Amino acid sequence: MSNTLPPLPYDYNALEPYISGEIMTLHHTKHHQTYVNALNAAEAAYAKASTPKERIALQAALKFNGGGHINHSLFWKNLAPSSEKGGNGGVLKEGPLKEAIKASYGSLDNLIKEFNTTTAGIQGSGWGWLGVNPSTKRLEITTTANQDPLLTHAPVIGVDIWEHAFYLQYKNVKVDYLNAIWHVINFDEAEKRFVEATGGSKL
Ligand SMILES: [Fe+2]
């Protein structure tokens with residue numbers, strides 16, 4: 001049951017100039033690794049706990065570090081080198097995800113505007129999400145606090161709004177980070193998750 005740090009699917013500097021190699025290196029090897037280590041410690045302690053009280057006392061650590069591990073594992077796959085670098089980052093191709101974005105937001109530009117406004121409003125640390133509402137199967141924008149994983153929706157795109165995700169490059173200007181990140185969003189990965197969440201392509 002030991003959790004491990006998943007390797008990045010690209011080089012640390014592959015998302016430049018939108019996300020610096022320095023941020024990616026620290027974010028992956030230090031921050032994400034810390035969540036993995038603390039989750040393993042909490043799970044080991046939980047396995048050894050012999051009373052309900054001991055198990056309850058571990059729940060906050062399991063949620064925080066387990067959420068951190070889940071969210072970051074999703075986030076790395078959620079990103080890709082930009083099209084200027086020969087990657088597929090920022091490129092939304094024709095397909096079911098593009099159709100769903102048009103149906104809910106009119107255009108990708110409108111989605112980005114709404115997502116960034118909602119996400120910039122997070123107080124403190126958290127995550128911005130584009131997810132599928134399991135009842136309506138439609139796309140919705142939502143946020144979670146701290147490292148809470150998204151449980152109300154199936155995640156399609158998640159953006160880390162902790163200062164460790166942008167501060168070294170963007171300082172306090174969160175909105176510049178939010179505008180930049182869309183150049184490296186892996187819409188192919190997002191579409192895969194969207195199709196899974198909606199029960200198959202609507203072709
Ligand atoms: Fe993070």
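Two strands are taken to pair if DSSP finds at least two bridges between them. Helices (H or I, at least four residues) and strands (E, at least two) are DSSP runs, numbered from the N terminus. This is a predicted model, in which local features need pLDDT of at least 70 and side-chain atom pairs count only at pLDDT 80 or more, while totals for chains, interfaces and linings use all residues. Residues are numbered from 1 along each chain as its sequence is written.

**View 1. The hairpin of E1 and E2.** Strands E1 and E2 form a hairpin with six residues between them. In the turn, Lys137 has a positive phi of about 65 degrees. Strand E1 (residues 126–132) pairs with E2 in the antiparallel sense, over seven bridges. Gly126 stands opposite Ala145 in E2, and Gly128 stands opposite Thr143 in E2.

**View 2. The open sheet of three strands.** The strand order is E2-E1-E3, and the pairing is antiparallel. Strands E2 (139–145) and E3 (154–160) stand at the edges with a single partner strand each, so one side of each is left without a neighbour in the sheet. From one strand to the next, the twist averages 25 degrees; axes are lines fitted to C-alpha atoms, for helices over the stretch in contact, and angles run from 0 to 180 degrees between N-to-C directions.

View 3. Helix H5 (residues 108–120) lies across E1, E2 and E3 and runs at about 20 degrees to E2.

**View 4. The packing of H5 with H7.** The axes of H5 and helix H7 (residues 174–181) are 10 Å apart, and the two helices pack at an angle of about 145 degrees. Asn116, Thr119 and Ala120 of H5 make the contact with Lys174, Val175, Leu178 and Asn179 of H7.

**View 5. The buried face of H7.** Tyr177, Leu178 and Ile181 of H7 are buried, that is, 20 or more other C-beta atoms, placed from the backbone, lie within 10 Å of the residue's own. Seen down the axis of H7, the buried residues fall within an arc of 100 degrees, so they line one face of the helix; the arc is that of the directions from the helix axis to the C-beta atoms. These buried residues pack against H5, E3 and helix H6 (167–170).

Definitions and conventions: Two residues are in contact if their C-beta atoms, placed from the backbone, lie within 7 Å. A residue is buried if 20 or more other C-beta atoms lie within 10 Å of its own, exposed if 12 or fewer, and partly exposed in between; C-beta atoms are placed from the backbone.
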